[in-house]
Amino acid sequence: MSKIGIALAGGGPLGGIYEVGACAALEEAIDGLDLTAADVYVGVSAGSFIAAALANGVGPGALTRALLGSDAAQDLFDPGLLLRPAFREYAGRMRSVPGLLVDSLRQYLAHPLRHGLLESFQRLSRAIPTGVFDGRGIDTLLRRLFESSGRTNDFRRLRGRLFLVATDLDSGHAVAFGSAGHDAVPISTAVQASAALPGLFPPVEIDGRHYVDGALIKTLHASVALREGVELLLCVNPLVPFDATQAARDARAPDHKLSAGGLPVVLSQTFRAIIHSRMRVGMDRYQHEFKNADVLLFEPAQDDADMFFANMFSYGERSRLCEHAYQSTRADLYRRRHELAPVLRRHGLELNLAVLKDHRRTLIANRRGEPRVPAAATIGALDAALDELQHWLQPRAAA
């Protein structure tokens, strides 16, 4: 069996939920693949949470049950946990206001002609909080989860290698927690640092250094796994730019002009376009730099209105999104089966077509407990059947 790695990109709570559904589909449809027994895990931002859980033996099935099951487990994915105000940060900044005000007045009165009023009082900007929300709840929650029986909050005690990437704020360099010299920090704290998106969460202090979101430097940081000798790397990236023109015919898209959605939609599209373009450049580079490794990327289609317009604050919506990710990934696996099967076979894995053709499979059951078949799965089945027909007709036409 080849050395197998998993790389999970960021994407906020929405991205983490998508990755759970995608990982469930991958493990189910690929015989021989156990995502809790991989050799190397790399997580960035929200992907760090899922990667840390997998490395700790919490598989896609358990993560799915946590997402869709009991009230206690539901808290693992509750955005309310991420949206607690950073009162400690606010208080610390407020305490600095009197001193900053005195210094500003002193500078202005000492040299009123040399330093203008606005220039003198610019230092008051230091009192602006570095984050709106407090990310410490994530550390507390994951510490409790990983310190339970059979799990660990220590990188060095894991069976496989786990790397959680954050950005050193003062140097701008990426740091892979879990690597030599950076493996003494608790896993839960590393997850908090990797997911500390500037402006939303304050930087996380670790050993006197301050860290923010790992996605600032790269989207996947797949090279971290490839440098560990991984021969097959499975990557999941939940955020792609939305192709509104292609999706205009889809009634689920509220408007094919994204500008109609206001600033949040415009910023979301901009952010997705930037990180996706950067990731594509990295994927092309990996093909040349690591020629003996196979890198397989799984992500939503660019006309996926369900993913782009999902409301991550609705629990019902998040449940539906997990199911959508599961079905979309299954459809993607089947559509790419002729490309993926030989690659997986090289590494001792087999694509299970019987599983992929079973369109009654679902992560979510209806109220009567019977599986429901989403419309997307039915459409995917028809598309796959036509794809199969075309595949077999082409060689015969050429003959």
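**Cores, cysteines and a surface patch**

Trainee: Which residues of helix α16 (residues 337–346) are buried?

Mentor: This is a predicted model. Buried means under 20% relative accessible area. In helix α16, the residues that count as buried are Arg337, Leu340, Ala341, Val343 and Leu344.

Trainee: Which residues touch the most other members of the largest nonpolar core?

Mentor: In soluble globular proteins, nonpolar side chains tend to be buried together. The largest nonpolar core here has 69 residues. Those that touch the most other members are Leu162, Leu164, Phe177 and Ile187.

Trainee: Which helix gives the most to this core?

Mentor: The helix in question spans residues 12–29. Its share of the core is 8 residues. That helix is α1.

Trainee: What is Leu162 in contact with, leaving aside its neighbours within four places in sequence?

Mentor: Contact means heavy atoms within 4.5 Å. With those neighbours set aside, the partners of Leu162 are Tyr41, Ala51, Ala52, Ala55, Phe155, Phe177, Gly178 and Ile187.

Trainee: Is Ser194 buried or exposed?

Mentor: Ser194 sits in helix α10. Beyond its neighbours within four places in sequence, its contacts include Gly43, Val44, Asp213 and Gly214. Its relative accessible area is 0%, so Ser194 is buried.

Trainee: How many disulfides are there?

Mentor: A disulfide needs two cysteine sulfur atoms within 2.5 Å. By this rule the count is 0.

Trainee: Which residues form a nonpolar patch on the surface with Leu197?

Mentor: Leu197 lies in the loop between α10 (187–194) and β6 (204–206). At 31% relative accessibility, Leu197 is partly exposed. The patch has about 280 Å² of accessible area together. Alongside Leu197, its members are Leu200, Leu216 and Ile217.

Conventions:
Residues numbered from 1 in each chain as written. Predicted model: local features only at pLDDT ≥ 70, side-chain atom pairs only at ≥ 80, totals over all residues. Heavy atoms only, no water. Patch = residues over 30% accessible without salt bridge, like charges linked within 9 Å, V, L, I, M, F, W, Y side chains within 5 Å. Areas by Shrake-Rupley, 256 points an atom, 1.4 Å probe, with all protein chains shown as cover. Salt bridge = Lys/Arg side-chain N within 4 Å of Asp/Glu carboxyl O. Helix = DSSP H or I, 4+ residues; strand = E, 2+ residues; numbered from the N terminus. Buried < 20%, exposed > 50% of the residue type's maximum accessible area, 1.4 Å probe, protein only. Core = buried A, V, L, I, M, F, W, Y, C linked by side-chain atoms within 4.5 Å.
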